[in-house]
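Good morning. Please have the sequence and the structure open while I talk.

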Amino acid sequence: MKYIQNRTNWCWVAACKVAGEQYKKNFTEFAFTLESPETEVAVSNLDGLRTDIVKRRNGIYFVDAWQSAIARNADFLHGGLEGNFPGNDQMKMRGLKYVVLGDCESNLIQTITLGTYDSAHSLLHDYCRQIESVFERHGCLIGNAILYPGGICHSFVALDWKKNGELVIYDPWDGNIGTYTIDEAFYTGFLSVQGKGILKWVQYIV
């Protein structure tokens with residue numbers, strides 16, 4: 001439950017959690033944790049809630065406390081409300097800062113977005129060296145894909161770029177970890193349960 005998105009539009013939230021936690025493993029001086037010892041929080045807003053994923057006790061649904069906190073703090077458009085809201089690029093960068101520092105506005109770390117969903121060029125064509133450098137320092141990045149045939153956007157996490165030229169990708173929708181060729185990841189598409197995806201733009205901590 002902690003790493004699988006708890007609402008249908010929370011791929012960005014779960015992706016921020018995974019990528020931010022990996023950064024904290026590499027840089028142990030950043031050790032922000034939620035003040036509450038609770039690992040899950042009760043919700044009354046059932047919009048988009050994945051009732052097959054989240055826990056239920058005494059008729060009340062509970063979501064992962066981290067996902068709830070990221071959504072409420074990083075989503076600057078909805079005034080701290082927790083709902084089934086998709087995240088834009090700025091929210092994802094704020095979410096990464098929140099996971100690491102507990103402060104979406106902090107300048108202690110820097111986040112960046114590379115690429116766009118409508119770019120005519122492959123993300124790898126334009127930003128190969130920058131992407132490689134993230135994995136060289138044992139980081140990971142939020143990889144945003146367009147899914148075909150529907151054309152919807154979905155956030156994955158690229159976990160590792162192997163020496164044999166394969167990319168390891170985590171899907172927050174179902175928790176699947178797949179290994180794909182670079183050609184599949186950036187050009188021809190890789191298969192997920194929601195369709196074939198091509199990574200078009202990314203966010204990561206610099």
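**Strands, then helices**

I start with strand β7, which is joined to strand β8, residues 177-181, by 5 bridges, and the two run antiparallel. Within this pair, I169 faces G178 of β8. The two strands make a hairpin, with 6 residues between them. In that turn, G175 has a positive phi of about 80 degrees. Before I go on, note that this is a predicted model.

Now the other partner of β7. Strand β6, residues 152-161, is linked to β7 by 4 bridges, again antiparallel. Here W161 is opposite L167 of β7. β6 and β7 also form a hairpin, this one with 4 residues between the strands. G165 sits in its turn, and its phi is positive, about 85 degrees.

Is β7 largely enclosed or largely open? Of its 5 residues, 166-170, 4 are buried, so β7 is largely enclosed by the rest of the structure.

Next, a sheet elsewhere in the chain numbering. This sheet is open and has 3 strands, in the order β1-β3-β2, with antiparallel pairing. From one strand to the next, the twist averages 40 degrees. β1 and β3 pair over 4 bridges, and V41 is opposite V63 in β3.

Helix α2 packs on this sheet, where it touches β1 and β3. The direction of α2 makes about 75 degrees with that of β3. Among the buried ones are W66, Q67 and I70. The buried residues of α2 pack against α1, β1, β3 and α3.

In general, two packed helices are described by the angle and the distance between their axes. For α1, residues 11-26, and α3, residues 89-101, the axes come within 8 Å and cross at roughly 45 degrees. On the α1 side the contact includes W12, C16 and Y23; on the α3 side it includes M91, L96 and V99. By type, the contact residues divide into 8 nonpolar, 2 polar and 4 charged.

That is the end of my part.

Definitions and conventions
Residues numbered from 1 in each chain as written. Predicted model: local features only at pLDDT ≥ 70, side-chain atom pairs only at ≥ 80, totals over all residues. Heavy atoms only, no water. Axes fitted to C-alpha atoms, helices over the stretch in contact; angles between N-to-C directions. Contact = heavy atoms within 4.5 Å. Nonpolar A, V, L, I, M, F, W, Y, C, P; charged D, E, K, R; others polar. Buried < 20%, exposed > 50% of the residue type's maximum accessible area, 1.4 Å probe, protein only. Pairing = 2+ DSSP bridges.
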